[in-house]
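Subject: A structure for you to explore

Hello,

Here is the structure I promised to pass on to you. Please open it beside this email and follow along as you read.

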Amino acid sequence: MVIETSGLSKSFRGFTAVDRVDLAVEEGHVHALVGPNGAGKTTLFNLLTGFLKPTAGRVSMAGHDITGSPPERIARLGVARSFQITNLFEHLTLQQHVELALLGTTKLGHRFWVSDRVLTKFHDRAGELLDEVGLAKLRDVPAGTLAYGQKRALELALALALDPKVLLLDEPTAGMGLEDVERTVELVKRVRTGRTVVLVEHNMSVVAGLADRVTVLQFGRILVEGTYDEVRNDSRVIEAYLGG
Ligand code: ADP
């Protein structure tokens, strides 16, 4: 298992948002976390990436116990995440964004001077990554001018710059129109090769199209787990959604 949690819990001033969760994510899988609003998906996601520290329980990532580790240490283990909120520099071009992300992955980021050879390598790699997410034509425009779906694609390129083994996507299709949703599904299908992907996703057609495994959360607990077909026909899941 690439990700394993045992008894993972998080309480906020007495309110338990994630309650004794035992999650196991298999290497190479796309694993979706779903559930009604307030089920604890985002909190669980933040526990996996070190943005929150658990109240109880353990998290292991690629065989390392990362319980309570800061996000930087988890990132160094080959884990990259995307955010629900776009977090870009309006005036920097797409190319500059990706080159900076690549520079940040090396020790060179701490130096004042970087050789031309290395800069050329970053330049070329940034071009490849932008091509991978379908933004090659826009490489020289400022990020502030992008449409919403394009900003999300750029963020994916920034996560891929880390060449992660594990990619965690927080609602990758949130707020998108049908066309961008379809484009994102195709994109995730392409970039999942050789990686494990965990995604929080509300759109069930996206889950159906991508996920090998689905964990349904309710009231901070795992309600049901299985393939998409197994969970969507489960009466407990239907009830949780209708009741939620
Ligand atoms: P989901 O992502 O499934 O919608 P969340 O993980 O965002 O659910 O939230 C689960 C529950 O925990 C909600 O009831 C939410 O109000 C609560 N919660 C989340 N973060 C905090 C926080 N920082 N402080 C207090 N309560 C929180």
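**A first stop: Thr5**

Thr5 has its place in strand β1, residues 3-12. (Helices, H or I with at least four residues, and strands, E with at least two, are DSSP runs numbered from the N terminus.) Before we go on, please keep in mind that this is a predicted model, in which local features need pLDDT of at least 70 and side-chain atom pairs count only at pLDDT 80 or more, while totals for chains, interfaces and linings use all residues. Residues are numbered from 1 along each chain as its sequence is written.

Is Thr5 buried or exposed? Thr5 is buried, because 24 other C-beta atoms lie within 10 Å. The rule is that a residue is buried if 20 or more other C-beta atoms lie within 10 Å of its own, exposed if 12 or fewer, and partly exposed in between, with C-beta atoms placed from the backbone.

Leaving out neighbours within four places in sequence, Thr5 is in contact with Val21, Asp22, Leu23, Gly57, Arg58 and Val59. Here, two residues are in contact if their C-beta atoms, placed from the backbone, lie within 7 Å. Asn203 is 198 residues away from Thr5 in sequence, and their C-alpha atoms are 25 Å apart in space.

**The chain as a whole**

The secondary structure comes to nine helices and eleven strands. Along the principal axes, the C-alpha atoms fill a box of roughly 60 × 40 × 30 Å. For 244 residues, a compact globule would have a radius of gyration near 18 Å, and the chain agrees with that, at 19 Å. (This radius is taken over C-alpha atoms, and the globule rule is 2.2 Å times the number of residues to the power 0.38.)

Buried residues make up 37% of the 244 residues. Of the contacts with a separation of 6 or more, 65% are between residues 24 or more positions apart.

(Ala, Val, Leu, Ile, Met, Phe, Trp, Tyr, Cys and Pro count as nonpolar, Asp, Glu, Lys and Arg as charged, and the others, Gly among them, as polar.)

The largest nonpolar core has 62 residues, and Val98 and Ala157 have the most contacts inside it. A nonpolar core is a set of buried Ala, Val, Leu, Ile, Met, Phe, Trp, Tyr and Cys residues joined through C-beta atoms within 7 Å. Helix α5 (residues 148-160) gives this core its largest share, seven residues. Both domain 1 and domain 2 give residues to the core, so it lies between them.

Now look at Val98. Not counting residues up to four places away in sequence, Val98 touches Ala126, Leu129, Leu130, Ala157, Leu158 and Ala161. Val98 is also one of the buried residues of helix α3 (residues 94-104), along with Leu94, Gln95, His97, Glu99, Ala101 and Leu102. What covers the buried residues of α3 includes α4 (116-132) and α5.

**Around the ligand**

Which residues are around the ligand? They are Phe12, Phe15, Ala17, Gly35, Asn37, Gly38, Ala39, Gly40, Lys41, Thr42 and Thr43. (A residue is near a molecule or strand if its C-beta atom, placed from the backbone, lies within 6 Å of it.) By class, this shell has four nonpolar, six polar and one charged residues. At least two residues each come from β2 (15-21) and α1 (41-48), and α1 gives the most, with three.

**Some loop residues**

Asp163 sits in the loop between α5 and β8, and its phi is near 45°, a positive value in a residue other than glycine. Asp163 is partly exposed, because 14 other C-beta atoms lie within 10 Å.

Phe219, in the loop between β10 (213-218) and β11 (221-226), has a positive phi of about 50° although it is not a glycine. Phe219 is partly exposed, with 16 other C-beta atoms within 10 Å.

Finally, Ala174 is found in the loop between β8 (166-170) and α6 (178-191). Ala174 counts as partly exposed, with 15 C-beta neighbours inside 10 Å.

Enjoy exploring, and write back with any questions!

Best wishes

Terms used. Domains from an automatic or database assignment.
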